[in-house]
Amino acid sequence: MISPKKYVRATVFYGFFAVVTSGLVLQDMPSQATTPEDKSGAKECYESIKGATELVKKDNVVPKYGYPNVKCSPTTGAVLWYGDPYDDTEPMGDMPTFGDHTDGDFAQAVIRTRTKHLKTIIQNGTKCSGCHPAADATTQKNDPRELMMHQDIVSNATKLQHGRGAIWCFDCHNAANRDTLVDHKGQEISLNEPYKLCGSCHGVTYSEWRMGLHGKRTGEWRVGGKKRWWTCTECHNPHTVQEHRFQPIAPELPPALPRGMTKDDFKGASGHGGH
Amino acid sequence: MSEDKRKNDIDEGQDDGTTKESRRDFLKKMGVAAAVTTVAPAATAATTKAASIAEHLQTHFEMMSDSQKEAAIARLEKRYSEQFEKQVTVANTPAPDEVLFGYALNISKCIGCRRCVEACVRENNQSRDPAIQWIRVLQMERGNDTFELENWHKGSPSSSRIGDYGVQSGGHADKAVGISGHTDHYYEPEQVPEENAFYFPVQCQQCEDPACVRACPVQATYRDPNGIVVIDYNWCIGCRMCQLACPYWARRFNWSEPALPNEEMNPKTHYLGNRPRMRGVMEKCTFCLQRVRDGRYPACVEACPVGARKFGNLLDPESEVRKILATKKVFRFKEDFNTEPKFFYYMD
């Protein structure tokens with residue numbers, strides 16, 4: 001049993017020892033490899049879904065600190081860090097009131113405009129209605145069939161798994177106006193506000209999202225502060241969500257191994273070792 | 001990066017480390033020696049990178065008067081700005097009133113992408129070489145165990161000197177029939193999440209009764225009014241007692257002079273947060289103190305692509321963390337140590 005007095009003495013002694021000898025000890029300790037950094041930097045980065053949430057890195061968006069809008073990973077192109085969390089956003093606008101505990105303070109909420117980032121729109125240089133005029137609506141039936149186009153979005157439209165066969169394209173896409181979505185009551189919904197559509201079936205998730213438990217926010221931590229809310233389709237691809245709720249992504253590099261050790265030293269399953 | 005490449009990097013890093021033991025360090029030591037004997041003002045003519053004599057002799061941050069704090073911050077801003085060749089600010093933003101910071105992490109959502117780790121490094125000015133990281137993501141395979149019937153006789157109890165009575169008496173007890181729950185820090189798949197794996201990120205748990213604070217012999221690490229455990233890097237003597245005391249492996253030590261390229265340095269710093277550290281001091285997660293005292297989410301929260309990380313005020317019943325505590329299956333890591341972490345893990 002060490003008495004408190006001895007403990008204090010040992011503490012002082014060890015502290016002194018550490019200071020005096022630090023210069024000598026340092027050279028013997030484990031070193032770690034360099035993390036590759038964002039030097040010239042990928043200019044095209046993605047947030048949650050690769051191929052659907054791309055954005056362009058802009059320099060000096062916050063001049064006070066010389067911050068770019070985002071910092072991206074040189075190995076995966078993932079957005080890692082936000083210099084300006086509200087870059088390229090707009091106010092979320094009106095949210096339906098339910099009169100329950102999910103009614104938060106939405107006044108300062110902002111969202112990113114999805115239509116500016118949708119690949120199909122960007123590639124074609126026109127809105128959906130440019131190719132699909134409203135006149136089409138009467139001739140289109142909402143029955144599963146092979147698609148002539150958009151196989152990159154839905155590879156096999158006859159086996160669309162969202163809703164496990166119970167729904168098809170026009171249950172969510174508005175046949176009368178292809179630039180919008182539509183819910184089961186016929187209410188037109190903007191592509192930028194998918195939560196109003198998704199929430200009509202996924203009620204529990206929707207209420208958790210409204211409370212801030214489901215999904216992602218950036219900005220201020222205070223309740224009612226200015227936050228960017230990630231909307232449903234910024235993390236989930238509704239066309240493939242049954243295969244992957246979240247589309248797998250490439251991870252960042254692992255930490256460096258302690259000097260002189262290999263990965264096999266940490267394969268604990270064959271014996272003792274590792275943590 | 002391949003294994004070999006990394007090994008080379010490590011070796012190079014070592015070489016650098018030894019050759020860089022330089023004039024600067026020599027001057028620094030000389031400077032301290034001079035200060036102790038004569039308090040000679042002439043000794044401040046060291047290189048721009050070296051801390052000034054005044055910096056070495058300043059008192060504990062919480063014991064400084066306002067004017068002393070101002071002077072200390074001005075000294076640091078000058079040194080950092082010269083070193084990193086840009087305008088660096090060292091804030092002394094006070095802790096907001098009536099706030100207790102808490103964190104919640106959804107382990108059923110985490111995909112192990114390590115973006116939080118990299119975001120943290122960019123925000124908090126960690127050394128890039130040797131690479132210091134405050135967050136470590138552990139990967140566990142579902143059902144990974146080595147329990148096999150054919151191994152049953154290989155485990156303890158084994159024969160011993162008192163006879164083969166099926167009891168273990170002394171000797172090595174390391175012949176397990178099997179083990180389970182092994183975690184891997186170094187997983188490197190093409191894509192995450194992997195099938196049958198789950199992930200457990202660990203960082204400072206910001207304990208209410210922190211073992212590290214108790215262990216520190218000079219009170220260089222302490223709990224701030226918002227419940228964040230901070231370090232006065234200038235007061236730290238580098239004894240590493242806190243590192244030993246911490247049950248969460250949350251603390252990192254600067255064994256060598258931190259290497260931080262100028263263009264990657266985050267110039268918005270706080271005295272108790274992400275200002276560049278020096279060799280021989282401890283560092284750790286501060287919930288991005290320089291951000292949260294200004295109202296921003298920590299960098300790891302903003303980096304998480306799946307929204308598994310939640311942060312807020314534990315004293316506000318409307319905050320996200322409080323709603324998680326009220327509605328989810330929550331646990332704290334190594335709760336039996338009674339360190340009362342304010343970092344909560346939860347499941348959907």
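Predicted model: local features only at pLDDT ≥ 70, side-chain atom pairs only at ≥ 80, totals over all residues.
In chain B, three strands run in the order E4-E3-E5, forming an open sheet with antiparallel pairing. Strands E4 (183-184) and E5 (197-202) of chain B each have a single partner strand and stand at the edges, so one side of each is left without a neighbour in the sheet. Strand E3 (residues 136-141) of chain B pairs with E5(B) over six bridges. If you look along E5(B), you will find B:Phe200 opposite B:Leu138.

B:Phe200 also leads us to the aromatic rings, as it belongs to one aromatic cluster whose members include A:Trp221, B:Tyr248 and B:Phe333. B:Tyr248 sits in the loop between helix H7 (241-245) and strand E8 (252-253) of chain B, while B:Phe333 sits in the loop between strands E12 (329-331) and E13 (343-347) of that chain, so the pair ties together parts 85 residues apart in sequence.

Over all chains there are 25 aromatic pairs. One of them, A:Tyr206 with A:Trp209, is stacked, at 6.3 Å centre to centre and 20 degrees between the planes. These two residues lie three apart in helix H5 (residues 203-211) of chain A, about one turn of the helix. A:Tyr206 is buried at 10% relative accessible area, and A:Trp209 is buried at 4%.

Finally, two lysines meet rings. The charged end of A:Lys216 sits over A:Trp230, 4.3 Å from the ring centre, and B:Lys69 lies over the face of B:Phe61 at 4.8 Å from the ring centre.

Technical notes
Residues numbered from 1 in each chain as written. Chains lettered and ligands numbered in written order. Heavy atoms only, no water. Pairing = 2+ DSSP bridges. Helix = DSSP H or I, 4+ residues; strand = E, 2+ residues; numbered from the N terminus. Phe/Tyr/Trp six-rings, centres within 6.5 Å; stacked < 30°, edge-to-face > 60°. Buried < 20%, exposed > 50% of the residue type's maximum accessible area, 1.4 Å probe, protein only. Lys NZ or Arg CZ within 6 Å of the ring centre and 35° of its normal.
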